[in-house]
Amino acid sequence: MKQTRKHQSDAEHNEIDRILATEDALVPSSGFLASVMDHVQEEAAAPAPIPFPWKRALPGAIVIVGTFGAGAFEMVRQGLPTASEFALTAPHISAVMERPLEQVGWIALALGVSLFSWLLSNRLAGRAGLL
Amino acid sequence: MTTTTNAAEDLADVDRVLAGDVQAFEGIVRRWQGPLVNMAWRYCRDRSRAEELAQEAFVRAWRGLSGWRRDSSFSTWLFALAANVYRSDLKRFPTVTLPIDEAPELSRPATQHHALAAQQSSDSVRRAVLALPTRYREPVILFYFHEMDVAAAARTMGLPEGTVKARLSRARALLRSRFPHLEGEHAAMEFGDLNTGKEAGR
């Protein structure tokens, strides 16, 4: 009985295999090669994509990063004396301390999100062959 | 022998293209146009669309030729690239297919001429393959395109062989459930053959 079932399954497998494996070969149309080569020639003749002007953008990027960095540093620095000026109990001090740190955290998060979106867009553009 | 020659020719043509000889790409297209068009045909079952897809695959291959790292054969790289092109294009513009549960069933072959019934069986099974869920459809297409070579299908999809085998098995189960009539018919044919064999043996 088991053998009969196996035989049945093999027969059916073989039939599906036979149907799907015996595919008539499609011959590309006569103009296919020429059409592909036309497209390739067009691509080859097209001007190369303009590379990202890193040299020009670099000073700007440094200024932006510097500004953000200085801002973050200033926030932390201003937060510290504020905390020491008040003779508060431990829980209050920590609350005051937490605020600038929280802000720094938000800034770091924003920078992280910006970096991620930049990387993602670069990756997608690369995949689509736009870069 | 042919494969070795093809590989050597591919390599030579790729080097020439990368050196700036655009015309050398023609050799690559000439050698691979048949396989790429046929592969696309199996994805969409539409001749003109298959040629468009194959053309797009060749253009992408030309653009990304420098990205072939030569750790795999050129054909493996080209098929994987083409499969990506076909997959993403069909995701954006799916072929009009019925879900597998709604795919037309076979009519009773007993009432028809045998050749016609066989042709109908083939058409129905092929249509049912297109109606399979995407994750099962592609392994089936590539498995049979690569002449039932699981390893080649897995390389083209960039998946482990085990995953491809599992998906193939599931796809077969879906096809089997869709065509119990076909199963019965062939089982009957097999039993017929067995019985005939028994008769002959007596």
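## Chain B at a glance

Of the 202 residues in chain B, 35% count as buried, where buried means 20 or more other C-beta atoms within 10 Å of a residue's own, exposed means 12 or fewer, partly exposed covers what lies in between, and C-beta atoms are placed from the backbone. This is a predicted model, in which local features need pLDDT of at least 70 and side-chain atom pairs count only at pLDDT 80 or more, while totals for chains, interfaces and linings use all residues. Residues are numbered from 1 along each chain as its sequence is written, with chains lettered from A and ligands numbered from 1 in the order in which they are written.

Chain B has nine helices and zero strands, so to read these labels, take helices (H or I, at least four residues) and strands (E, at least two) as DSSP runs numbered from the N terminus. Along the sequence the pattern goes α-α-α-α-α-α-α-α-α. Among contacts in chain B between residues at least 6 apart in sequence, 58% join residues at least 24 apart; a contact here means two C-beta atoms, placed from the backbone, within 7 Å.

The model scores ipTM 0.74 and pTM 0.64. For chain B the mean pLDDT is 82, and 78% of its residues reach 70 or more; pLDDT is the predictor's confidence in each residue, from 0 to 100.

The stretch to watch is residues 184–202 of chain B, where pLDDT stays under 50 and the model has 10 contacts beyond four places in sequence. Where pLDDT is low, the predicted coordinates should not be read in detail.

## Where A meets B

Chain A puts 26 residues into the contact and chain B puts in 35. On the chain A side, helix H1 (2–21) and helix H2 (32–45) each supply at least two residues, and H1(A) gives the most, with 11. By class, that side has 14 nonpolar, eight polar and four charged residues. For these classes, Ala, Val, Leu, Ile, Met, Phe, Trp, Tyr, Cys and Pro count as nonpolar, Asp, Glu, Lys and Arg as charged, and the others, Gly among them, as polar.

H2(A) packs on helix H3 (residues 47–63) of chain B at an angle of about 40°, with the axes 10 Å apart. Axes are lines fitted to C-alpha atoms, for helices over the stretch in contact, and angles run from 0 to 180 degrees between N-to-C directions. That makes H2(A) oblique to H3(B), given that angles under 35 degrees count as roughly parallel, over 145 as roughly antiparallel, 65 to 115 as roughly perpendicular and the rest as oblique. Residues in this contact include Phe32(A), Val36(A) and Val40(A) from H2(A), and Phe58(B), Val59(B) and Trp62(B) from H3(B). The class count is six nonpolar, three polar and three charged.

## Phe25(B), a buried spot

Phe25(B) sits in helix H2 (residues 25–44) of chain B and is buried, with 23 other C-beta atoms within 10 Å. Leaving aside neighbours within four places in sequence, Phe25(B) touches Val40(A), Asp13(B), Val17(B) and Trp62(B). Trp62(B) is 37 residues away along the chain, yet the two C-alpha atoms are separated by 7.5 Å.

## A crossing inside chain B

Helix H6 (residues 134–145) and helix H8 (residues 161–178) of chain B pack at about 100°, with axes 8 Å apart. That makes H6(B) roughly perpendicular to H8(B). Among the residues involved are Tyr136(B) and Phe143(B) of H6(B), plus Leu168(B) and Leu174(B) of H8(B). This contact has eight nonpolar, no polar and three charged residues.
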